[in-house]
Amino acid sequence: MATVTYQQFYYLPDDEFIELEGLNAYFEHHKNYDLYKDEMYCPECLQCKLEYTPEYSRKAYLSAKDVNQHDDACSFKYEPAPTKTVTTYFQNLNPTQIESKLDSMLNRLHRSPKQIQSDSGKLASSNPFIINDGDVDNSPLTHRKVLRQKKLGRTLRKEDQNQLFAFYGTGTLKIEECEGEREGRKYKYYYLYITVNATTYKVYRGKHHDQIEEEALYNIVLIGYVEGVYTNGIVKIELIKKEPGNSTPNQLAMVIPPFLIELMGRKSKALL
């Protein structure tokens, strides 16, 4: 069945999400996890019970007790989609469809437990991360694949490099303006820096100049892969390609909502 990893779980008694790293620290201190045992659920559908395997011969991890307990619209129920499948899928969408898809992803990623519960029982097509060549809801479960998700700011594993993800998180943004020259003509191009916790990511934006306010916090989602890590620790993310045979990154594969999250006492507002 599905090969997935859980980086957090839903803890029913406190109605909250807890990171795997937090559970690891608890286990290391108490030498047990009795407080959480039998109360850990899938963070996306809240229905499938999870179990914890502490670090022994391999790293500690969370796994499903029975993957069939997942809701049909839960990403953790399906196998990860191959990079080629996801790239082709997005290359067949027009700009409006891509924008709608990423907006839906962002909304799904920031649901509260109450919102997740109200979404219980919805069709698989309600999940924008599920990829299928045809009719998602009427297709066999084995034909459904899911775009993997990776939260920005979490530790990168060696196997994560060059793997396609929907990266998401909340952080500050900064623009770097550069100048190039081609056939005697100068032009400008841009990089977007995303800082989440203590990790900074660098994304090539080409001629696309994002209209952002530095120091503000933004929710963000982008589809791409980790191309490498600079010596200064900055992580370079490359967006999926625009079209077959074209090395140009698809600048539409990133969405930055035109809303600022409250920061340092300021109220949220729309960017004009």
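This report walks through a predicted model of one protein chain, from its overall make-up to selected residues.

## The chain as a whole

The chain holds four helices and 15 strands, and of its 272 residues, 44% count as buried. Among the contacts between residues at least 6 apart in sequence, 56% join residues at least 24 apart.

## Helix α2 and its covered side

Helix α2 spans residues 83–91, and its buried residues are Val86, Thr87 and Phe90. These three lie on the same side of α2, because they cover an arc of only 95 degrees around the axis.

## Strands and their partners

Strands of a sheet pair through backbone hydrogen bonds, and they do so in either a parallel or an antiparallel way. Both arrangements can be followed here.

Strand β4 (residues 50–53) and strand β5 run antiparallel and are joined by four bridges. Within this pairing, threonine 53 stands opposite tyrosine 61 in β5. Which residues of β4 belong to its covered face, and which to its uncovered one? Leu50 and Tyr52 make up the covered face, whereas Glu51 and Thr53 make up the uncovered one.

Elsewhere, three strands form an open sheet with mixed pairing, in the order β6-β8-β7. The edge strands are β6 and β7 (130–131), each of which pairs on one side only. Strand β6 runs parallel to strand β8 (residues 145–146), and two bridges join them; proline 80 stands opposite valine 146 in β8.

The side chain of lysine 77 makes a polar contact of 2.6 Å with the side chain of aspartate 72, while a polar contact of 2.9 Å joins the side chains of serine 75 and asparagine 127. Leaving aside residues up to four places away in sequence, serine 75 touches Glu44, Asn127, Phe129, Val146 and Gln149. Val146 in this list is the valine of β8 that stands opposite proline 80.

## Aromatic rings and charges

The count of aromatic pairs comes to 13. In one of them, the rings of phenylalanine 9 and tyrosine 36 have their planes at 75 degrees, so the pair is edge-to-face, with the centres 5.7 Å apart. Because phenylalanine 9 lies in strand β1 (residues 8–11) and tyrosine 36 in the loop between α1 (20–30) and β3 (40–41), the pair ties together parts that are 27 residues apart in sequence. Both phenylalanine 9 and tyrosine 36 are buried. Another edge-to-face pair is formed by tyrosine 189 and tyrosine 191, with 6.1 Å from centre to centre and 75 degrees between the planes. Of these two, tyrosine 189 counts as partly exposed at 21% relative accessibility, whereas tyrosine 191 is buried, with a relative accessible area of 16%.

| Charged residue | Ring | Distance of the charged end from the ring centre |
|---|---|---|
| Arginine 148 | Phenylalanine 165 | 5.4 Å |
| Arginine 182 | Tyrosine 187 | 4.7 Å |

## Positive phi angles

Most residues other than glycine have a negative phi. Leucine 46, although it is not a glycine, has a positive phi of about 65 degrees; leucine 46 is found in the loop between β3 and β4 and is buried, with a relative accessible area of 11%. Asparagine 197 likewise has a positive phi, near 55 degrees, and its place is in the loop between β11 (185–196) and β12 (199–206). Asparagine 197 is exposed, with a relative accessible area of 68%.

Notes
Residues numbered from 1 in each chain as written. Predicted model: local features only at pLDDT ≥ 70, side-chain atom pairs only at ≥ 80, totals over all residues. Heavy atoms only, no water. Polar contact = N/O pair within 3.5 Å; in protein donor to acceptor, adjacent residues only side chain to side chain. Buried < 20%, exposed > 50% of the residue type's maximum accessible area, 1.4 Å probe, protein only. Arc of directions from axis to C-beta. Pairing = 2+ DSSP bridges. Contact = heavy atoms within 4.5 Å. Phe/Tyr/Trp six-rings, centres within 6.5 Å; stacked < 30°, edge-to-face > 60°. Lys NZ or Arg CZ within 6 Å of the ring centre and 35° of its normal.
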